[in-house]
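Work through these exercises with the structure open beside you. Try each task before you read its solution.

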Amino acid sequence: MKLAFTLNGQAIELECPDDEPLLETLRLRCGILSTKDGCQPQGQCGCCLALVDGMPKVTCAMPAARAAGRTVETVEGLDAGERDLLARAFVAAAGLQCGFCIPGILLRTHQLIRKQPAPTRADIAKALDVHLCRCTGYTKILDAVELYAAAKRGQPLPELDLSGRVGSSTPRYQGSELSLGDRPYVDDLMLPGMLDGAVVLSAHARARVISIDVSAAAALPGVVRVATAADVPGERRYGLLYNDWPGLVAVGETTACVGDVLAVVAACDERTARAAARLVRVEYEAYEPVVDPEAALAAGAPQVNPTHANLLSRSIIRRGDADRALAQSAHVVEGTWRTQRIEHLYLEPESCVAEPLPGGRLKIYTQGQGIFDDRRQVARFLGLPEEEIDVELIPNGGAFGGKEDMSIQAQTALLAHLTGRPVKLTLDREESIRIHPKRHPITMHYTVGCDKSGRLTAVKARMLGDSGAYASVGSKVLERAAGHACGAYRVDHVDVESVAVYTNNPPCGAMRGFGANQAAFAIEGALDLLAEKVGLDGWQMRYLNALQNGDVFSTGQVLERGVGLRRTLEAVKEAYYAARAAGRAVGIGCGIKNTGIGNGAVEWGKARLFVEPDQTVSLFNGYTEMGQGLLTVLIQCACEVTGLPATSFRARVDSTYQLGCGQTTGSRATFFGGLAVASAARKLRADLDAGATLADLVGRVYGADIEDRSTTPLGAKVQKIKTHPSFSYATQVVILDEKGRLAQVIAAHDVGRAVNPKLCEGQLEGSVHMGLGYALSEELPCRQGMPVTFGLRELGVLRARDMPVVEVILVEEPDPDGPFGAKGVGEIGLVPTAGAVAGALCAFDGIRRTTLPMKDAPAARALSVGKIKQS
Ligand code: FES
Ligand code: FES
């Protein structure tokens, strides 16, 4: 159809399909990239917001035809002064992380303040109801809107600290470009001659593939290539720990989950590629899927994954004599705690661009959490030497662990390889949810004892985790759950077994907290039960048992120094008792989380500083920016050492210097990357101190590689157990209102050293938001291995108006081994949350809940999230 409308003040006339959503028209035909696709066609994330005749509209849910004759305004069309003011307000408030949701929110802010110049925070939260942010927890977004509103009323925005020094709230690297939607994500990349890809996924979680007929798809005009397993030149199976995950399932093989890819299509545009994918005919012999981990372990159960028995892993920790200690304990509690599968729901679905280069080389633009692991696996898939593949990180729109595994990098690379043309493949929300690994559901049976005074004596735990169809890092998640089985408490007698099992459910792997959250929910519940028996309150029980310097962690590692847990308890003490005295229902939980993978893994930090001809310094490292602020923090490490301002540095993550560090996981990127950057920066500093200027040093490279081989595997028979390089510690207090709804969360976190206090707070606020959803409303139930919903609201992520007041208290007990004393902060923010919520709910209605999410609770029923229809 022909379509005419006014876009950002310009008259537009174009041709588009009759049923095209306005979002596609804007992005594909008008070059508008501030409107992002987070959930098309659901209309539930707000990333695609535009103003149509001055009214905010989610353009993914609006046919382009309805824009005919109307005015459409996007962030690109705001006048320069307005754009600058909005971006400065968001940057000054640290109101963004990955940035993917922000252009939509920024446009909403512009429109809201035009109508309502001085909104309350409740007004702002209500206005943001369409918008989902998975990173920030909304607190700083609300701050940003308030700052902008105040600026419109004539108040100056706060001065930014551009020194870049450690301890300063240096503005986020590229924060302004991210806020305005000017910094591209992978799906925003446009290369000449580029094709679009689409995937064909298995309709069944477990079915033998009898045939795949691609003839109709291949014959569709505009289709350039349809590929199946037979077209893969290398090894079809890849993986982070085991090569058990086929990039394409072959005829004759049996699928393992509904995210299995059976064919991929490259076509002239995405619409054609998707239409062709729908024409691929697959004949199946469907089998009953194995969806229960206990059933998967039963004798005679079908083997889910042909490369491995259904028992993926068993992690064992035994110290002392737990049975005897329990028998001699004054009090013993026993119970089963269950946690659920949840979806990461990063706002940016997976996307990859692969580009053939001259000489047979290939370039991959990826958003993965370990770009060198992506390269290794793509090379294996294509049967190419790794050196023939260049790889570049396009900092992503959120990951939270869910972008550690490959999603569609291999298939995109295959299509580029086969067609000789650049190919982009972007998943829609349903495909994303079907393919990438989730947080493990774990069933945990605990027996915990204490003496008369309340001192813990023993922990006995049995854990069973559903790892789904592929290993991913499931064995490590269950290993980490075992390692954190005693929580943040000193326990002398420990007996833990933790098992990971293959099933035909969606794969489970890394997600923020990595097993520690599940274990914390159980041990915090057990602690509350014991406290009742002893006659202590929750704070007293935790203070009595809190790990201190010199104590032994669950795994047997002596925590020699830097344990700030009691300081976090002291930081919340007054508020905890004040809320109780005021008659409020209050819950409390502590948390510990490893920094670094540990358990015998070799860990690296690698950095290069290259002095550019324009006398800026390019900072290369091997870890991923995914909204957590890594690039800003690394620049600050360089600034602190060199004395140069933050504006001197440009951050890059690519294969120029082969800085493979492995996955950005285990809250380790600041720790190891920061050490490497600081070390490289000291070399640059030495030259500057010797009198050289940056102009003199153009072309020089300053590098440092940090390697840590100090940790020991779980169960190693060694004299000195050291399972992890470092730990961070936390206490959280959850306070309910008189109706049992969330009112306030106080999160006191020992971060070692807050390299950037505002970004650090933002990480913790965002984690608390995720933790509250985990506690109360988030879940991804499956039927026959298929998620029962892909709806963003139904998945249960809290909206702005659901959030209580979150107060973050940063405690700094330095880790002498960390960069400037810093510890990891990326994951621990939600380790204590669910336990603290359960405690608060029990204080409110006397019900001790042991299964997540606690949807029956008043705090959950008050949320605005959607209900999953079970029909
Ligand atoms: S992409 Fe339109 S609301 Fe999510
Ligand atoms: S900053 Fe909102 S989704 Fe990442």
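**Exercise 1. Describe how helix H16 packs on helix H17.**

Step 1. Compare the axes. Helix H16 (residues 538–545) and helix H17 (residues 565–581) have axes that come within 11 Å and cross at roughly 170°. Axes are lines fitted to C-alpha atoms, for helices over the stretch in contact, and angles run from 0 to 180 degrees between N-to-C directions. Helices (H or I, at least four residues) and strands (E, at least two) are DSSP runs, numbered from the N terminus.

Step 2. Classify the angle. H16 and H17 are therefore roughly antiparallel. Angles under 35 degrees count as roughly parallel, over 145 as roughly antiparallel, 65 to 115 as roughly perpendicular and the rest as oblique.

Step 3. List the contacts (heavy atoms within 4.5 Å). From H16 come Gly538, Trp539, Gln540, Arg542, Tyr543 and Leu544. They meet Arg566, Leu569, Glu570, Val572, Lys573, Tyr576 and Tyr577 in H17.

A note on the model: it is predicted, local features need pLDDT of at least 70, side-chain atom pairs count only at pLDDT 80 or more, and totals for chains, interfaces and linings use all residues. Residues are numbered from 1 along each chain as its sequence is written, chains are lettered from A and ligands numbered from 1 in the order in which they are written, and side-chain values use heavy atoms, with hydrogens and water left out.

**Exercise 2. Are Ser472 and Phe514 buried or exposed?**

Step 1. Check phi. Ser472 is not a glycine, yet its phi is positive, about 45°. Phe514 has a positive phi near 50°.

Step 2. Ser472 lies between strand E20 (456–468) and helix H14 (474–483), in the loop. Phe514 is in the loop between strand E21 (493–502) and helix H15 (516–534).

Step 3. Read the accessibility. Buried means under 20% relative accessible area, exposed over 50%, partly exposed in between (1.4 Å probe, protein chains only). Ser472, at 3%, is buried. Phe514, at 7%, is buried.
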